[in-house]
Amino acid sequence: MFKESKKKLSTPATDTLLANGTSFEGTIEAEANIRIDGHFQGDIYSTRTIVIGESAVVRSDIIARDVILAGKVFGSITTGGRLTITSTGELYGNTATPTLVISEGGVLNGTSQMNQTMDAESPAAIEKSEDENQSSFSQDIEDSQASLQPEAG
């Protein structure tokens with residue numbers, strides 16, 4: 001009677017949600033799946049999957065097991081498993097991940113490092129090695145974005 005709908009990309013169950021129209025600033029540390037559809041600024045650490053929805057704008061360094069990116073991220077993404085950038089996803093920053101998938105139309109404006117599987121449950125170790133490269137790159141992106149804004153006259 002009812003037809004099954006086919007999903008392009010299966011997403012994990014959402015344990016934590018930052019909905020569209022919501023802004024949040026701070027640090028998120030979770031042992032759960034996270035979905036962000038609003039605006040977030042800060043750092044995100046998860047031992048599970050993080051989904052950045054199409055309407056999301058995230059200024060963050062993200063460390064997780066897996067990340068599915070359909071919105072915009074300004075910062076670095078480090079995974080222990082897979083980074084998937086969908087056709088609407090945009091990453092303006094660096095990534096370190098064992099598996100990188102970029103759909104046609106997806107954007108990666110930065111560097112990628114395809115590394116061995118790392119332990120996503122120990123973000124402090126990953127963060128320490130990433131800090132030197134990531135912080136200056138994130139600032140460069142923010143500066144370049146600001147220079148593209150028209151001057152008020």
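In these notes, a residue is called buried when its relative accessible area is under 20%, exposed when that area is over 50%, and partly exposed in between. The model is a predicted one.

1. The largest nonpolar core has 21 residues, and those with the most contacts inside it are Ile36, Ile44, Ile52, Val58 and Ile62. At least two residues of this core come from each of β2 (23–30), β3 (34–36), β4 (39–46), β5 (49–52), β6 (57–69) and β8 (77–85), and β6 gives the most, with five residues.

2. Ile52 deserves a separate look: leaving aside residues up to four places away in sequence, Ile52 touches Ile36, Val58, Ile62, Ile68, Leu69, Ala70, Gly71, Lys72 and Val73.

3. The structure holds three salt bridges. In one of them the side chains of Asp15 and Arg48 meet at 3.9 Å, N to O; because Asp15 lies in the segment before β1 (16–18) and Arg48 in the loop between β4 and β5, this pair ties together parts that are 33 residues apart in sequence. Asp15 is partly exposed at 45% relative accessibility, and Arg48, with a relative accessible area of 31%, is partly exposed.

4. Another salt bridge joins the side chains of Asp37 and Arg35 at 2.9 Å, N to O. Here Asp37 counts as buried, at 14% relative accessibility, whereas Arg35, at 26%, counts as partly exposed.

5. A further salt bridge is formed by the side chains of Asp66 and Arg65, at 3.1 Å, N to O, and Arg65 is partly exposed, with a relative accessible area of 35%.

Technical notes. Residues numbered from 1 in each chain as written. Predicted model: local features only at pLDDT ≥ 70, side-chain atom pairs only at ≥ 80, totals over all residues. Heavy atoms only, no water. Core = buried A, V, L, I, M, F, W, Y, C linked by side-chain atoms within 4.5 Å. Buried < 20%, exposed > 50% of the residue type's maximum accessible area, 1.4 Å probe, protein only. Helix = DSSP H or I, 4+ residues; strand = E, 2+ residues; numbered from the N terminus. Contact = heavy atoms within 4.5 Å. Salt bridge = Lys/Arg side-chain N within 4 Å of Asp/Glu carboxyl O.
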